[in-house]
Amino acid sequence: MNSNLFRYIFSFIFLILLQSFVLNNVQLSGYLNPYLYILFILSLPFDISKYTLLLLSFLLGLCIDFFLGTTGVHASASVFMAFCRPFILRVIAPREGYDTATRPRLQDMGVKWFIIYAFTLTLLHHLFLFYTEVFRFSHFFTTLGRSISSTLFTFILIFISQLFIFKKADSKS
Amino acid sequence: MGNLIKLLIRYSFFILFLLFELICFFLIVQNNHYQRSSFLNLFYETSGSIQNKYAAITEYLNLKNINKELAEENARLNVSALESKMKLFGENYLINDTLFKQKYVYLACKIINNSVNKSSNYITLDKGALNGIEPEMGVIGPNGIVGIVKHVSPHFSTVVSVLHTNFRASAKVKNTGFFGSCYWDGNHYQTGIVEDIPSHIKIKKGDTIITTGYSTVFPENVNIGTVLSFELPPEKNFYTVKIQFTQDYKNINYVYVVKNLMKEEIRELEKLTEEQ
């Protein structure tokens, strides 16, 4: 349990630093930014309480906002994503329910489950994020295009990160 | 009461979510210029339209009073009208003691914050009201226009960058003099759009687009960009020109804030003309 706690604290700090100092400087074709930090919310265990989930996402978003100078924008999107997570998990639950020994990872839950899970939540997060940033509906389709293209970018990065974990676990066993 | 508490407990997750979102939106509106002005705009528009209706009603009720005040004002104005004065001076004098008069002064500033990847980009400069910067002054870089000053504090000022979807500047094709309106379409940070260039003039790829000096913000003949491509929308008489900005907004450190010494004079004159 303790080692799990340390792992989550480490990934919390690591993802914030990675996002603010590396990924934030990546801009494909001028405005495509990946937001990999939401991987932390995706990777939290199944049996975490909903309230802790909201609180952690809020803190994560605030930290990102602090480094990016966009007070509140990322925090609100992260909180929205955390709010949606329990519903998404319930909708795509396997027939026998979730095993508390497993974690929401590619290697535990299978490729199809993980793609649905990660892509839906990433899309919800990015839609909320970009519309909050623009703060109006006048450029509706431009914003929609931006959020969908950024979602694909972020999702690819999330998928790649899962493959890394996969490989490490393989070599251990 | 018991039912209410039951309800609160039942929806506590949703209520907590709303609470967090409220905090977030409070932070957003409180700390971000752009979202704040959007929010205030909406707020003022709504409250303004209600107040307008209210004013329309009270105005009608107060017509009697207003009439009386107007009559009094008329009487006062008659006293000071031209016809009731004696003419003292016959001719006007034009005092012109030097050949050239300074029209613009430039103040070099360092950029301390800049972005190009949002739909509304702002720049922060290291000089402010104490150095003589005022809102609505133009900002130009070594290779072209950069933006317009929006807010000033004693030591800093923020600038609406050219890369802001609400930015507009009057622009013309060099050597022709036909002018149009230049703006950023929110896509790539190196390209913008110039509209309203009449279709009968000849433009070609690579032509230079410069400022006109019609507004009091930018001096004349400052570079904006070069023509990348242009098209004539069907059934229209104006080109839509895609331009490449000559100034690279991602690689810029020092800019000049332009102060137009005759701005007030021009403004007052134009205002006077429009009023009559």
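Student: How many bridges join S3(B) to strand S4 (residues 144–152) of chain B?

Tutor: The model is predicted: local features need pLDDT of at least 70, side-chain atom pairs count only at pLDDT 80 or more, and totals for chains, interfaces and linings use all residues. Helices (H or I, at least four residues) and strands (E, at least two) are DSSP runs numbered from the N terminus, and two strands pair if DSSP finds at least two bridges between them. S3(B) and S4(B) run antiparallel, and the number of bridges joining them is four.

Student: Which residue in S4(B) is the bridge partner of B:Gly141?

Tutor: Residues are numbered from 1 along each chain as its sequence is written, chains are lettered from A and ligands numbered from 1 in the order in which they are written, and side-chain values use heavy atoms, with hydrogens and water left out. In S4(B), the partner of B:Gly141 is B:Gly144.

Student: By how many degrees are neighbouring strands of the barrel sheet turned against each other on average?

Tutor: The strands S1-S2-S5-S4-S3-S12 of chain B make a closed barrel of six, with antiparallel pairing.

Student: How many residues of S6(B) are buried?

Tutor: S6(B) pairs antiparallel with strand S7 (residues 179–183) of chain B over four bridges, and three bridges join S6(B) to S9(B), also antiparallel. Buried means under 20% relative accessible area, exposed over 50%, and partly exposed in between (1.4 Å probe, protein chains only). S6(B) has five residues, and the number that are buried is four.

Student: Which residue of the hairpin of S6(B) and S7(B) takes a positive phi?

Tutor: Across the two strands, B:Ala171 stands opposite B:Gly180 in S7(B). Five residues lie between the strands of the hairpin, and the one with a phi near 70 degrees is B:Asn175.

Student: Which residue forms a salt bridge with B:Glu220?

Tutor: A salt bridge is a side-chain nitrogen of Lys or Arg within 4 Å of a carboxyl oxygen of Asp or Glu. For B:Glu220, the closest N and O atoms are 3.0 Å apart, and the partner is B:Lys172.

Student: Is B:Lys172 buried or exposed?

Tutor: B:Lys172 lies in S6(B), 48 residues from B:Glu220 in the loop between strand S9 (208–211) and strand S10 (223–231) of chain B. B:Glu220 has 45% relative accessibility, so B:Glu220 counts as partly exposed. B:Lys172 has 13% relative accessibility, so B:Lys172 counts as buried.

Student: How many residues apart are B:Arg267 and B:Glu136?

Tutor: The side chains of B:Arg267 and B:Glu136 meet in a salt bridge of 3.4 Å, N to O. B:Arg267 is in helix H5 (residues 263–275) of chain B and B:Glu136 in the loop between strand S2 (120–125) and strand S3 (138–141) of chain B, which puts the pair at a separation in residues of 131.
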